[in-house]
Amino acid sequence: MKKLLFIFCFIICANAFSQILSSSIEKKTIALGEVNHIVITINNLKNEKVSAAPENELLPFHFEEVKDSISQTQDIYYRRIEFAVFDEGKFTIPELEFKVNGKVLKTIPYEIDVINTAQKADQINDIMNNKEVKLEVKDYWELYKFYILAAIALICLIIAVVMFIKYGRKSKNSPVVATNQTLKELDSLQKKKYVENGNYRSFYVELIDISRKFIAKQYRLPADVLLTDDLIDLMKKNNTISQENEKVVEDVFLRGDLVKFAKTFPDQQAMEKDLADIRDFVKRSSKDLEFENLRKDV
């Protein structure tokens, strides 16, 4: 008898100091889209924190949560979820878990029957007769402004692409750009101090390489693949490069070939003069092109 009394007292004390979870649902049969709600309450918290799924994420798929409100005091956790279902059939709200101080509390499952209350023979009437509204220019602008702005942006983009294709690429290959780029390369060659250090072979290799690329780009001649003699012969037959510039290219290229094959050893003064002559040739090249364009026009 004493043991039974002890067990009974233990159960009463345990329930008195443990958390109690209760849940209730408003309706178990609802119409399509009708708002229903479920309430979960946990008592005797004693300042313990309740851990559960975040707002609007507690109910499973098919249950469209309209409102999820949570409140908690020192002893009570209260959560009310309003929901609707937009498919016919039977749907189950499973056991919902809540953790309190490491202890998992679960609600009982609920089965919801969702029915379609509309009948095929039901006649749908407008509440009010249709009213004709006269739209002004401002109203049309508000309706279609995004389409208009998008069309304007598309037109501007097309124009920008066409301008880039037509003029952007040409500007990169223009005589002025080629001239400036080559002058920068000649300045870089001078800064390497091949002339001062007597490194004549490296000097002429790079000087002629820069010159060949410039002639190929500026005059549209295959200077980067032709031998020196063939290039000189082509320049004289082509008549695109002036005689003064032809003379510079011929002298420097022939001397460069002799240096590369160790047949001559130029002094510092000759190397400086060749660099200056090539620089002047690059600067004068635009005049050759202007004369060539005039000749074509005539």
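This note goes through a predicted model point by point, from the overall make-up to single residues.

1. **Overall make-up.** The chain has 298 residues, and buried ones make up 29% of them. Its secondary structure consists of eight helices and 10 strands. Take the contacts between residues at least 6 apart in sequence: 62% of these join residues at least 24 apart.

2. **His 37 and its setting.** His 37 sits in strand β3, which covers residues 36–43. Is His 37 buried or exposed? Its relative accessibility is 15%, so His 37 counts as buried; the cut-off for buried is under 20%. Leaving out residues up to four places away in sequence, His 37 touches Ser 24, Ile 25 and Glu 26, and also Arg 80, Ile 81, Glu 82 and Phe 83.

3. **Polar contacts of His 37.** Two of those neighbours deserve a look at the side-chain level. The side chain of His 37 makes a polar contact of 2.9 Å with the side chain of Glu 26. A polar contact of 3.2 Å joins the side chain of His 37 to that of Arg 80.

4. Asn 44 is placed in the loop between β3 and β4. Its relative accessible area is 17%, so Asn 44 is buried despite the loop position. The side chain of Asn 44 makes a polar contact of 3.4 Å with the side chain of Lys 46.

5. **Aromatic pairs.** How many aromatic pairs does a search of the whole structure find? The count is nine. One of them is Phe 63 with Phe 83, an edge-to-face pair with 5.5 Å centre to centre and 70° between the planes. This pair links distant parts of the chain, 20 residues apart. Phe 63 belongs to the loop between β4 (50–51) and β5 (64–72), and Phe 83 to strand β6 (residues 77–84).

6. Phe 63 counts as buried because its relative accessibility is 7%. Phe 83 counts as buried too, because its value is 0%. A second pair is made by Phe 203 and Tyr 204: ring centres 5.0 Å apart and planes at 85°, so this pair is edge-to-face. The cut-off for edge-to-face is over 60 degrees. Phe 203 and Tyr 204 are both buried.

7. **Packing of α5 on α7.** Helix α5 (residues 200–219) and helix α7 (residues 243–260) have axes that come within 9 Å and cross at roughly 145°. The crossing of α5 past α7 is left-handed. Which kinds of residue make up the contact of α5 with α7? They divide into 11 nonpolar, three polar and five charged. On the α5 side they include Tyr 204, Val 205, Ile 208, Ile 215 and Tyr 219. On the α7 side they include Asn 245, Val 249, Val 252, Phe 253 and Asp 257.

8. **Phe 281 in α8.** Phe 281 is in helix α8, residues 268–297. Its relative accessibility is 1%, so Phe 281 counts as buried. Its contacts, without residues up to four places away in sequence, are Phe 214, Ile 215, Tyr 219, Ile 241, Asn 245, Val 248 and Val 249. Of these, Ile 215 and Tyr 219 in α5 and Asn 245 and Val 249 in α7 also take part in the contact of α5 with α7. Phe 281 and Ser 242 are 39 residues apart in sequence, and their C-alpha atoms are 9.8 Å apart in space.

9. **Positive phi at two loop residues.** Lys 193 is a residue other than glycine with a positive phi, near 60°. It is found in the loop between α3 (175–191) and α4 (194–197). Lys 193 counts as partly exposed because its relative accessibility is 44%. Arg 220 is another residue other than glycine with phi near 60°, a positive value. Arg 220 lies in the loop between α5 and α6 (228–238). Its relative accessible area is 58%, so Arg 220 is exposed; the cut-off for exposed is over 50%.

Key:
Residues numbered from 1 in each chain as written. Predicted model: local features only at pLDDT ≥ 70, side-chain atom pairs only at ≥ 80, totals over all residues. Heavy atoms only, no water. Helix = DSSP H or I, 4+ residues; strand = E, 2+ residues; numbered from the N terminus. Buried < 20%, exposed > 50% of the residue type's maximum accessible area, 1.4 Å probe, protein only. Polar contact = N/O pair within 3.5 Å; in protein donor to acceptor, adjacent residues only side chain to side chain. Contact = heavy atoms within 4.5 Å. Axes fitted to C-alpha atoms, helices over the stretch in contact; angles between N-to-C directions. Left-handed = near helix turned anticlockwise from the far one by under 90°. Nonpolar A, V, L, I, M, F, W, Y, C, P; charged D, E, K, R; others polar. Phe/Tyr/Trp six-rings, centres within 6.5 Å; stacked < 30°, edge-to-face > 60°.
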